[in-house]
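Thanks for coming, everyone. I'll keep this brief. Let me put the structure up, and then we'll walk through it.

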Amino acid sequence: MIMRLLNHPFGRALIIYLALLLLLSVLILLLKPVLIPLIMAFILFSILDPLKNHLIRNGLNAISSITIVLLGVVIIGIICLVIGVPLMLDQWEWLQTRLPTIATQIASILDTFSSSIVNVMGMHVDTKLGERWLTDLRSQGTDAVVSSAGIMVQSVFALVFIPLITFFLLRDYRKMRNTAMSWLPNRAYELAWLIYFRVAKKLQNYIRSVFMQSAIIAMITVTGFYIIGLDTAVLFGVLAGFLNLIPYIGPLLSMLPPMLVALGVDSPDIWMLISIAAVVMTAQLIDNIIVIPSLIANTVDLHPMLVLLGVVVFGYFFGFIGMLVAIPALATSKIIFKGLMNGLNRASSEDIMYVPINQKPADSNPKSIA
Amino acid sequence: MSKRTSSLWTNLFRKGNPLTEHVTELWSATPLFRDIPRREILQLVRDMPPRHFKASEYIFHSGDAGAGAAVIISGKVEIRSAGVLLAELSDGDFFGEIALVLDVARTADAIAVQETELIFFLRPELDEWLARSPYFAGKLGANLAYVLAQRLLQANKALVHAGHEGQL
């Protein structure tokens, strides 16, 4: 059975792919304590590498370019930490004080709906579900606020650790990658480079595009929520940006928290609900008409059905992080598997026209062409 | 001169890795890297480790995925198609440059006739170089076009010659 599998390119590709997956799992397990900063550093590296190259093209040397680019990131990071994080924590605390009212209000709305549903359809709805969820959120929120000092310490640690790793990646990534590639056996060398090339290109494009897209969405929603007078404009705007990283489901989820807050007042304002929906939909419209065609198009070549299934399955097993990594993980798997299949199933050269040069050693010496 | 000053002086003007220097010389002597400054080539080859092949070992088979060109540091390489010898290459010669342009399978076999050491210049490297230094990477593109055009010209001549022989 195994021998039959090994004789077939699909079987060999599958075995190599599973071995790679096992290696990756071991790596993730070993690097678990620093995994998040490491992933953040790689994301930053993907975003900053073109900026570094731009500065090099304009005459700066590599070290100066890396220093300037990283200095910019650290300054932006400090500004976010000093202005953005306290602002969001303030808004989170305000939300905390509102949560009991919101919970009661949502429960009463659900009660009204429930009795209507019972009257019309004869079905019972668990009205305590929303209340329980909000109580859980409140207790988690309290923990988060209590540990806000911890968040600040972690942020400061990340602010030092992530730029440091990013610096070394920007400076030495090429050398590290080439050395790692040199450990491969001769027969796998070129195929591995080709697969790496395709994966790296797709992943880097995807990361750059998606993070730019999320930043744009966050800016639009923060501005929109601020204009319509939502008290938690920054918190929910940034959240909308983050949720946008999850395809299809994210935009819908981003509408939910501000809607709940708008509903959780004594007399819910229908115009506020419409305005929230309008802001999120305007952001999605700009995203679909302007951002996606110019940034995202062709970054990943996956069927929407697969994307949706991937997001749900990854989300079920690995939570929010799983939803974020579903698309890059699926796209990478597809390229690696396809590359292995093509590489192992040695292409017939009959369909590729070979031009015999018939050159003698002297002619074949490329130096003589010059 | 104190020991510290001396070591600083040595570090400032130290010679690079002899192998890197040698490979830089080899690539710069090829038409692919004509008119490209030595420091640019040095940067490209500095982090690329050489590959060793035993005698009779295949470097690539016809139909294999091709990722780039290679220059021979030492040894001998035969290029064969369906068993027919197309070219014998030795130190300083390069081959496989089609893979720098096209994402197609290798069109012939490359076999190390004796213990061979070579260094690859791969498409990912070219792509990154293009982002870092588009002027010189573009120059390599023009040189590559020149090399491939020369090969096409030779092939056309060979075809015309074969046509004439067929008529006779």
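In which sense do strand β3 and β6 of chain B pair, and over how many bridges? They pair in the antiparallel sense, over 2 bridges. Strand β3 covers residues 68-74 of chain B. Bear in mind that this is a predicted model.

Let's stay with that pair for a moment. Ala70(B) has its bridge partner in β6(B), and that partner is Phe95(B). Now step back to the sheet. The sheet is open, with 4 strands, and in chain B the order runs β1-β8-β3-β6. The pairing is antiparallel. Which strands sit at the edges? β1 (51-53) and β6 (94-95) of chain B, and each of them pairs on one side only. As a reminder, strands of a sheet pair through backbone hydrogen bonds, either parallel or antiparallel.

On to chain A. Here we have 12 helices and 0 strands. Chain A has 370 residues, and 22% of them count as buried. Take contacts between residues at least 6 apart in sequence: in chain A, 69% of these join residues at least 24 apart.

Look at helix α2 of chain A, residues 9-30. This helix has 22 residues and spans 31 Å from first C-alpha to last, close to the 32 Å expected at 1.5 Å a residue. Is α2(A) largely in the open or largely buried? Of its 22 residues, the number buried is 1, so α2(A) lies largely in the open.

Next, the domains. The assignment for chain A gives domain 1 as 35-135 + 144-173, and domain 2 as 190-344. How many residues meet between them? In chain A, 15 residues of domain 1 are in contact with 14 residues of domain 2. On the domain 1 side, α3 (35-57) and α4 (62-121) of chain A each supply at least two residues. α4(A) gives the most, with 12 residues. By class, that side of domain 1 of chain A has 10 nonpolar, 4 polar and 1 charged residues.

Last, confidence. Mean pLDDT for chain A is 79, and 78% of its residues reach 70 or more. Where is chain A's confidence highest, and where is it lowest? Highest is α3(A), at 90. Lowest is helix α12 of chain A, residues 361-364, at a mean of 40. Across residues 347-370 of chain A, pLDDT stays under 50. For that stretch, the model has 50 contacts beyond four places in sequence.

That's my tour. Over to you.

Notes:
Residues numbered from 1 in each chain as written. Chains lettered and ligands numbered in written order. Predicted model: local features only at pLDDT ≥ 70, side-chain atom pairs only at ≥ 80, totals over all residues. Buried ≥ 20, exposed ≤ 12 C-beta atoms within 10 Å, placed from the backbone. Contact = placed C-beta atoms within 7 Å. Expected span 1.5 Å × (residues − 1). Domains from an automatic or database assignment. Nonpolar A, V, L, I, M, F, W, Y, C, P; charged D, E, K, R; others polar. pLDDT = per-residue confidence, 0-100. Pairing = 2+ DSSP bridges.
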